[in-house]
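Please look over the sequence and the structure before reading these notes.

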Amino acid sequence: MAGIGPAPILFNEFFQMFMRCMPPNGWPVNSKIAVGNSGGPDSTCLLFLLKKLLTDLRSKAMAGQSIPTSVVSLSVNHNLQETSHLMAARSAANAAAMGIEHLTLDIPWGTPPFSAKPVAGQPMEQVAREARYHVIFDGMVRTGAHSVAFGHHADDQVETSLMRLARGTTELGAGGMRRCRRWGMGTGDVEGGLGWVGHHGLNRWIMRPLLEVRKDRILATCEEHQLDYVNDPTNFQPEITLRNAIRQMLTLQEEGKDMSSLSGLPQHISGSLEKIKIAAADLQETTMDLEGGLHQLHGAVKVLSSRLEDVDNEVTFHLKNLTLPSPPSTLILSSHALPAIMDPTVRLAFVLRVMRYVSFHPWGSLRADGNRRRTSIQRIIDTLWQSAGAPSFTAGGGVLWQPAIFSPKRRLRVGTQCLGRQLQPGERFAWMASRLPAVPYYILDTATLSSKLDVDITERLAIAMSRGDDSLEVLFDCRFLVRFDLSQIPEKLVGALQKYQETGVNVRIKPHTKYYWPKVVLREPSCLDTTYAALMDNGQIDTFGHTPWVTMEYVRLLDAT
């Protein structure tokens, strides 16, 4: 008697999967969701299920549940293989057959900010990924999509976990991809560079509804509904990427076949496979036996993913209990309550969350996490939890850690003035995390600063005004969103901007105070800068007698995702 094959995904089942991916604050009213559509079975299945779900919900008058009301298909033509155009064409045809809006995004290799097209023999996985995500975000902006769904499934989750182990990740990273996460500010570090999206990425989301579904159920769903798709032949070439090599290794083990076909792989891939075996054996939270088959690995990664969610929730709880009233862009943490966090993994996640909130590197990037260097992060943990009376220090991520003495009734004391001091009634020891200064704050007005800290916005203001725009937004130091109300701009600045090319005057955003808060200044030749707006100690904006025309909002988040 033949065995029962894998079951197709049911629509009610998919509804539950999709709702578990909802952003923390829900979806905006009448929002649009994009689907990353490669033309393969995973994205084709997702596109079909999502279209069917949204159509059914509208027909049942359930759209009031605050879910997206429309879907758009986005496909990327990498133009790296002969099959690239075929895959893009299949993606467009599938979307058209389902009555779904579609946009094909070509990667313009060699046109800034994109690098030259990778050639055979070069590691292309990371380069292609950065380029792909760059054009996908652009596609979301062009189509008005608030979020993008990818067809990653449970088998992909195992591969991702193993790939991260090869890079030396912690058990948090081994938990794999999240069902829902913010896009973030991007991987780039220069506005307009590859991977850069700035503050716009904080309000857009990536979701993966199929993350707990095995590949065989996706194939069964495609068969059940007679969905056409193509398989990317490069997915089965282990010499191209580490992910392909892992997939091949797991398939051979699952089928009990000889592993000799993996011999002769490039050194960087074969070396990574060996690192995976060592790292998997060292995991504490679960047993990950690479020879135990995919079923065992799915279970292990699911344990790690669940653990990641638990840690996120626990860190959020501790941050609410430990955080004291803090100056804008800083975080003051009560020292006496830190010992309550006993779990080393929770301590690690706690420190990373604080660093990401305070850092001047793009939110969501590895650099904001100090590149997750274990020795550096452990130094922070050891100092915060074990070193009473320790001096100020930094250990990466662009974050300065300083001892502090907090009192609701007295001035905040920070740094060396706290060392060896006895507490007065009502005072408590604390740690302050703040932006690492580029130069001492008392020479900020005379020091030569980088263009990221001394930002010339003259041309942007002039162009926005000439177009008749109502406002202009500038992200300063990856921390503050400075908004200009162009209808209220002071008359002297209007006059200066009209003649800036002749006179050499310019308008700039610069840092001031030890916390590097923004201020807007007019710079004229042979004159001292004139300040027209600045963020002050009380969190208010001083416009120095002018009608309020600038707002300054700290946009970095303490959220887990």
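Predicted model: local features only at pLDDT ≥ 70, side-chain atom pairs only at ≥ 80, totals over all residues.

1. Ser 84, Met 87, Ala 88, Ser 91, Asn 94 and Ala 95, by contrast, are buried in α3. Seen down the helix axis, the buried residues of α3 fall within an arc of 125°, so they line one face of the helix.

2. What do the buried residues of α3 pack against? Their partners are α2 (41-59), β2 (70-77) and β3 (101-106).

3. The length of α3 can also be checked: this helix covers residues 84-97, and because 14 residues at 1.5 Å a residue should span 20 Å, the distance of 20 Å between its end C-alpha atoms agrees. After α3 comes Gly 99, which has a positive phi, near 70°.

4. Turning to the loop between β6 (205-207) and α6 (215-224), one finds Pro 209 there. Is Pro 209 buried or exposed? Pro 209 has a relative accessible area of 5%, and since buried means under 20%, Pro 209 counts as buried.

5. Leaving aside neighbours within four places in sequence, Pro 209 is in contact with Phe 14, Met 17, Phe 18, Cys 21, Leu 46, Ala 149 and Phe 150. Asp 369 lies 160 residues from Pro 209 along the chain, and the C-alpha atoms of these two residues are separated by 27 Å.

Notes: Residues numbered from 1 in each chain as written. Heavy atoms only, no water. Helix = DSSP H or I, 4+ residues; strand = E, 2+ residues; numbered from the N terminus. Expected span 1.5 Å × (residues − 1). Buried < 20%, exposed > 50% of the residue type's maximum accessible area, 1.4 Å probe, protein only. Arc of directions from axis to C-beta. Contact = heavy atoms within 4.5 Å.
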